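Biologist: I've got a model open and want to talk through its pockets and a helix pair. Can you show it and take my questions?

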Amino acid sequence: MVLTEERSMIRGLARKIAEEKLVPNASHVDEAGEMPWDNLRVLADNGLFGPHVPIEYGGAGADYYSHLAVIEEVAKGCASTSVALSTQALAMAPFLLAGTHEQKANYLSRLASGEVLGAFGITEPQAGSDVSGIKTSARQDGDVYVLNGHKVFITNAGDAEIYVFVTRTSEHRTNGITLFIVEKGTEGLTFGKKEEKMGIRGSVTREVFMENVRVPKKNRLGGEGEGFKILMNVFNETRPVVGAQALGIARAAFDYAKSYVREREQFGRKLDQFQLTRAKLADLFIQLETARLLVYEAGEKVEHGSPDVPLYSSMAKCYASDIAMSVTTEAVQLLGGNGYIKDYPVERYMRDAKITQIYEGTNQIQRMIIANELLR
């Protein structure tokens with residue numbers, strides 16, 4: 001009972017902030033294409049950056065379900081703002097899974113409290129879905145490692161203060177991967193131009209360059225060669241987060257379209273009186289509710305350490321993001337010509353939804369994972 005009340009309270013707080021602070025500013029965030037710092041400060045001040053992180057490390061000590069609820073409600077209000085939160089979750093996950101007490105106290109606590117932004121550097125020009133193909137190297141030199149490489153499409157890059165980079169410490173495709181913590185300002189760490197994106201335009205994405213970046217051995221996350229295993233577990237915990245984000249965007253589009261068809265008249269009748277419109281709304285709501293159940297079922301699996309987390313995590317991310325694209329596209333269609341105009345938010349929802357099918361592993365990769373788990 002206490003857990004249910006806590007979940008309800010956290011969701012209610014996130015919803016209130018989203019409705020009062022994020023929604024009114026969402027169009028401006030999209031048009032400006034700049035990091036929504038005011039939004040992030042409000043969320044940090046209310047303890048919503050790391051609700052699932054233990055209190056001793058700067059979080060609220062709530063459960064994983066509450067974390068998903070925050071992401072969903074924030075995404076419904078402003079998708080760009082939710083990306084900063086979901087990226088923060090991605091950056092925090094390796095600390096929760098493999099960090100030492102010292103690393104958690106020094107880095108995780110600052111991330112979970114919202115004091116600073118974090119970033120996770122995985123993707124490279126020739127290594128996206130194929131994580132084992134990364135080239136960024138980490139060579140040990142006494143008590144330090146020297147990092148050299150090039151990362152692309154790194155969310156929060158340049159604005160984040162704490163980075164976790166995926167590197168190669170040996171030639172073995174999987175057992176040669178190691179994670180390192182690097183702080184902004186470290187000599188040799190530089191950033192490229194801000195990418196101009198189709199959607200989530202208020203989320204900053206840049207290239208990252210490392211040229212002889214010297215990192216102390218204590219900044220290694222986990223053991224040498226353990227990075228691939230840690231990374232796979234990170235994705236198991238963060239893919240439902242993308243599902244929750246997609247669900248929030250889809251809910252926003254559905255709610256707007258539903259309100260619109262109740263007011264818009266054609267042929268002397270409100271649109272919601274036409275049988276085709278009513279059937280379309282029914283289908284979209286069925287899809288939304290199915291996605292919601294799957295996302296939060298995956299969340300429960302993560303919370304309890306279920307052995308089928310990889311299966312449900314990939315299903316939640318894949319299905320919810322596909323539904324988000326479907327629902328937002330249909331919302332544009334329900335608004336007709338108005339749906340294509342920036343005066344109405346549904347075209348933004350559609351642009352924002354698309355990325356959820358791509359990052360954290362494309363949905364083609366998710367289907368491969370699902371099949372592998374089923375046929376294991």
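Biologist: What volume does the second largest pocket have?
Modeller: This is a predicted model, where local features need pLDDT of at least 70, side-chain atom pairs count only at 80 or more, and totals for chains, interfaces and linings use all residues. Numbering runs from 1 along each chain as its sequence is written, and side-chain values use heavy atoms, with hydrogens and water left out. A pocket here is an open set of points on a 1 Å grid over the protein atoms alone, where a 1.4 Å probe fits, with protein on both sides within 12 Å along at least five of seven lines. Taking volume as the space filled by probe spheres set on the points, joined across faces, edges and corners, the second largest pocket holds about 260 Å³.

Biologist: Which residues lie closest to its centre?
Modeller: Lining residues have an atom within 4 Å of a point. The second largest pocket has 15 of them, and the closest to its centre are Tyr 64, Glu 237, Val 302, Glu 303 and Gly 305.

Biologist: How are α6 and α8 oriented to each other?
Modeller: Their axes, lines fitted to C-alpha atoms over the stretch in contact, with angles from 0 to 180 degrees between N-to-C directions, cross at roughly 20° and come within 8 Å. Angles under 35 degrees count as roughly parallel, so α6 and α8 are roughly parallel.

Notes. Helices (H or I, at least four residues) and strands (E, at least two) are DSSP runs, numbered from the N terminus. Angles under 35 degrees count as roughly parallel, over 145 as roughly antiparallel, 65 to 115 as roughly perpendicular and the rest as oblique.
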